[in-house]
Amino acid sequence: MKIGILGDVHANIEALDAVLASFVRDGVEKVLSVGDLVGYGADPGPVIARIREAGAVVVLGNHDAAAIETLVDLAYFNVFARSSALWTRKVLQDEERNFLRSLPLVHIDDSFVVVHGSLDRPEEFNYIQTTRDAETTLRNLEKRVCFVGHSHIPVGFLANSEAPDRVEYTFGNSIDLSRFDRALVNVGSVGQPRDEDPRAVAAVYDTATDIVTMKRVAYDVDRAAGKILAAGLPRVLAERLRFGV
Ligand code: ZN
């Protein structure tokens with residue numbers, strides 16, 4: 001089965017629609033989201049609607065939590081994230097808020113786990129940026145594979161249970177999980193990529209071949225950036241989309 005995994009969408013409906021169309025072309029049968037559906041972008045409502053239409057399994061991200069005033073203290077957000085969180089709180093409808101409130105912090109499937117930040121204390125939304133950070137989550141992993149988001153940087157951390165502290169990493173676009181019995185994959189960001197490539201990123205996990213492929217999907221960046229400016233959100237949130245930073 002092919003599973004499409006969406007990283008941080010961040011209220012970017014243009015990027016989400018382009019990625020969902022690519023999932024259809026790839027024969028994806030199931031859609032997962034590692035959270036942060038909202039925040040930064042100008043279309044939180046349409047993104048939530050589209051995710052629900054797609055029947056995606058979704059976990060709660062820190063920006064989703066900020067939008068429903070739980071778990072996250074805005075004092076720890078930078079000024080741009082904070083103003084977008086306050087704007088998002090204003091524009092969300094009750095029904096959209098209720099959907100975000102229904103999201104779990106961790107989703108455990110038959111063969112994989114989904115979480116926004118890390119598996120140890122998921123409610124703290126910690127970043128996994130080094131092999132040492134990855135070790136803790138790999139040790140807490142009940143299944144073979146864990147999909148995460150949060151840093152917006154696509155990367156795979158791989159290990160075997162006989163040597164759990166020997167974690168390898170890869171920034172490759174094709175990650176072969178078959179040689180490993182533990183894998184942690186950050187699927188990057190659909191709506192606000194930060195690896196200097198403005199195209200949306202998303203992962204497709206083919207359970208038959210045990211390979212995760214990182215897809216780069218072009219979308220109408222100008223349109224998404226224009227809506228951010230028109231909404232009165234900080235200009236930097238529009239500009240960064242053009243550079244993928
Ligand atoms: Zn994010």
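Tutor: This is a predicted model, in which local features need pLDDT of at least 70, side-chain atom pairs count only at pLDDT 80 or more, and totals for chains, interfaces and linings use all residues. Residues are numbered from 1 along each chain as its sequence is written, and side-chain values use heavy atoms, with hydrogens and water left out.

Student: By class, which residues make up the lining of the largest cavity?
Tutor: On a 1 Å grid over the protein atoms alone, a cavity is a set of points where a 1.4 Å probe fits but cannot get out, and lining residues have an atom within 4 Å of a point. The largest cavity holds about 80 Å³ of space, a volume being the space filled by probe spheres set on the points, which are joined across faces, edges and corners. It has 15 lining residues, and the closest to its centre are Ala11, Asn12, Gly41, Ile228 and Leu241. Counting Ala, Val, Leu, Ile, Met, Phe, Trp, Tyr, Cys and Pro as nonpolar, Asp, Glu, Lys and Arg as charged, and the others, Gly among them, as polar, the lining has 7 nonpolar, 5 polar and 3 charged residues.

Student: Which element gives the most to the lining of the largest cavity?
Tutor: Helices (H or I, at least four residues) and strands (E, at least two) are DSSP runs, numbered from the N terminus. The elements that give two or more residues to this lining are α7 (221-230) and α8 (235-243). The one that gives the most, with 3 residues, is α7.

Student: How many charged residues are in the lining of the second largest cavity?
Tutor: The second largest cavity has about 50 Å³ of space. Among the residues that line it are Gly117, Tyr127, His150 and Asn186. Its lining divides into 5 nonpolar and 5 polar residues, and the charged ones number none: no charged residues.

Student: Is His150 buried or exposed?
Tutor: His150 is found in the loop between β6 (145-148) and β7 (155-160), and its phi is positive, about 80 degrees, although it is not a glycine. Buried means under 20% relative accessible area, exposed over 50%, and partly exposed in between, with a 1.4 Å probe and protein chains only. Because its relative accessible area is 3%, His150 is buried.

Student: Which residues is Asp43 in contact with, leaving aside its neighbours within four places in sequence?
Tutor: Asp43 lies in the loop between β2 (30-33) and α2 (44-53), and its 12% relative accessibility is the reason why it counts as buried. Contact means heavy atoms within 4.5 Å. With those neighbours left aside, the residues in contact with Asp43 are Ala11, Ile13, Glu14 and Lys227.

Student: How far apart are the end C-alpha atoms of helix α4 (residues 79-91)?
Tutor: The expected span of a helix is 1.5 Å times one less than its number of residues. Helix α4 has 13 residues, so it should span 18 Å, and this agrees with the distance between its end C-alpha atoms, 19 Å.

Definitions and conventions: On a 1 Å grid over the protein atoms alone, a cavity is a set of points where a 1.4 Å probe fits but cannot get out, and a pocket is an open set with protein on both sides within 12 Å along at least five of seven lines; lining residues have an atom within 4 Å of a point.
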